[in-house]
Amino acid sequence: MPAVEASGTQTATISTEHTLATITTAKTLVLIVDAVNMVNADELELRVKTKILSGGVTRVAYKASYKHAQSADDLIKISIPIPSDQEAVFTLKQVAGTGRAFPWKVMSL
């Protein structure tokens, strides 16, 4: 059964990569972000980073970019499932536009 691991609302500062959550228990995880507040000229990047081995380097496993106002039929952004037994770091970065508030959630599957 899916479970909420972390959640909140991140108000973006342009060009700052905000860490939303870091999960260190073995799970398969997804990042869910509501892009309802985006308007034309806004640009958003979502990332999930993970480690392969204990003591290793955290690297990007998933990245998605979105530009401009999003379609009413496609406001919720969901990452691919990321299996992690070491560490998973979820980030949000708004690289253009005016800083918006983004409700988000990390769920385990």
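A residue is called buried when its relative accessible area is under 20%. The legends below describe a predicted model.

View 1. The relative accessible area of S108 is 7%, and buried means under 20%, so S108 counts as buried.

**View 2. The side chains of S108 and E5 make a polar contact.** The distance in this pair is 2.8 Å. E5 is also among the residues that S108 touches.

**View 3. S108 touches residues from other parts of the sequence.** For the protein, 79% of the contacts with a separation of 6 or more are between residues 24 or more positions apart.

**View 4. The protein contains nine strands and zero helices.** From the N terminus on, the elements run β-β-β-β-β-β-β-β-β. The radius of gyration is 14 Å, close to the 13 Å that the globule rule gives for 109 residues, so the protein is as compact as a globular protein of that length. Along the principal axes, the C-alpha atoms fill a box of roughly 40 × 30 × 20 Å.

**View 5. The surface and the charges of the protein.** The accessible surface comes to about 5700 Å², and carbon and sulfur atoms account for 52% of this surface. Buried residues make up 39% of the 109 residues. There are 11 positive and 10 negative side chains, and the centres of these two sets are 5 Å apart.

Methods
Residues are numbered from 1 along each chain as its sequence is written. This is a predicted model: local features need pLDDT of at least 70, side-chain atom pairs count only at pLDDT 80 or more; totals for chains, interfaces and linings use all residues. Side-chain values use heavy atoms; hydrogens and water are left out. Helices (H or I, at least four residues) and strands (E, at least two) are DSSP runs, numbered from the N terminus. The radius of gyration is taken over C-alpha atoms; the globule rule is 2.2 Å times the number of residues to the power 0.38. Buried means under 20% relative accessible area, exposed over 50%, partly exposed in between (1.4 Å probe, protein chains only). Contact means heavy atoms within 4.5 Å. Accessible areas come from the Shrake-Rupley method with a 1.4 Å probe; for residues, only the protein chains shown count as cover. Lys and Arg count as positive and Asp and Glu as negative; His and the chain ends are not counted. The place of a charge is taken as NZ of Lys, CZ of Arg, CG of Asp or CD of Glu. A polar contact is a pair of N or O atoms within 3.5 Å; within protein, one must be able to donate a hydrogen and the other to accept it, and residues adjacent in sequence count only if both atoms are side-chain atoms. Lists of a residue's contacts leave out its neighbours within four places in sequence.
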